[in-house]
Amino acid sequence: MIQRWHILGAGAMGRLFACKLLRLGLEPVLLMRAGSSRRETLALRFDGREEAYHCDAIGLPELQASSIEGLLVTTKANHALAAVQSCRAAITPGAPVILLHNGMGVLEALAGSGLHLLAGTTTEGAYLDATTLVHAGLGETVIGREGDSAPQWFKPFSESAERISWTSEIDNALWKKLLINCAINPLTALHRCRNGTLVDNPVLRAEMELLCEELAAVSAARGNARGASCALDWALSVVQRTAANQSSMLQDVLQGRETEIRYITGYLVAEAKRLGVPCPRNEALLRQLDSAAASH
Ligand code: PAF
């Protein structure tokens, strides 16, 4: 059993998972870029009620070698690689390192690092309203390592009421989330609209359908039959459930932050090239949003 989990990425998702770990009776430690050891108070708002949680926080420069027994990485995909490298020396050999971000490619980039890597994907919705963490939508989280059954340390997670489950088919789960993000995030970011506009506006809906045809073709070439037949249905169902939300990529664009486009559409386009599948519409979105990112 791993009692003390370090969380790298103290944004909304990192804080939400810190609260979840506290509810499981575990001891999360938030890793901060700077500062010394301290207690953090997390104000969590859910369903109109506010609760305070307390956990340890530590600045990266203070981390001792081999002090991390379990690491949950909740940074954006575009920061994950550098973030993991910044605390590499503190990760105990064999300690699970769980990557929980939108997009794909970081796992592959860390493949030769000697770390015990796992991945996860979540549909939890959370954002920071000044210093309050708002848990805006209940979602599901799946964590896993391809082909592996759930390890012993996972028991507190799976036995909890936190909607966290194990999968031995994490590649399929990550690919499904990638398709959903490819269909929703770039369009909402480019047109600066909420998710629901992608079904309300006929022009955008047609554009999303064309994107999904390409996503389906890449899935088929990759041997992912579910993605090939369900890409559009998955995207439509998420758009409907999250109609009032701003996608994470739209939030990044509005706040002048670098987006995860290279790990979302960029990964898809690279896979399409590798497999010889044309996907001009996804390529165009990648070009538009990548140059938008470069101009910030
Ligand atoms: O990135 C996001 O915002 C979310 O993953 C999703 C699925 C698009 C819902 O808003």
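In this predicted model, E124 and R163 form a salt bridge whose closest N and O atoms are 2.9 Å apart. E124 belongs to the loop between β7 (116-122) and β8, and R163 to the loop between α4 (155-158) and β11 (164-167), so the pair ties together parts that are 39 residues apart in sequence. E124 is buried, at 5% relative accessibility, whereas R163 is partly exposed, at 25%. Both residues belong to a network of salt bridges that also links K20, R23 and E162.

The structure holds 19 salt bridges, among them the three tabulated here.

| Salt bridge | Closest N and O atoms |
|---|---|
| E124 and R163 | 2.9 Å |
| R145 and D148 | 3.1 Å |
| R45 and D129 | 3.6 Å |

The bridge between R45 and D129 connects strand β3 (residues 38-46) with strand β8 (residues 125-129), so it ties together parts that are 84 residues apart in sequence. R45 is partly exposed, with a relative accessible area of 27%, and D129 is likewise partly exposed, at 36%. In the pair of R145 and D148, R145 has 30% relative accessibility and counts as partly exposed; D148, at 31%, is also partly exposed.

A polar side-chain atom of N102 lies 2.9 Å from an oxygen atom of the ligand. For N185, an N or O atom of the side chain is 3.0 Å from a ligand oxygen, and the side chain of N195 likewise places an N or O atom 3.0 Å from an oxygen atom of the ligand. Of the 280 Å² that the ligand exposes when taken alone, the protein buries 85%.

Terms used
Residues numbered from 1 in each chain as written. Predicted model: local features only at pLDDT ≥ 70, side-chain atom pairs only at ≥ 80, totals over all residues. Heavy atoms only, no water. Polar contact = N/O pair within 3.5 Å; in protein donor to acceptor, adjacent residues only side chain to side chain. Areas by Shrake-Rupley, 256 points an atom, 1.4 Å probe, with all protein chains shown as cover. Salt bridge = Lys/Arg side-chain N within 4 Å of Asp/Glu carboxyl O. Helix = DSSP H or I, 4+ residues; strand = E, 2+ residues; numbered from the N terminus. Buried < 20%, exposed > 50% of the residue type's maximum accessible area, 1.4 Å probe, protein only.
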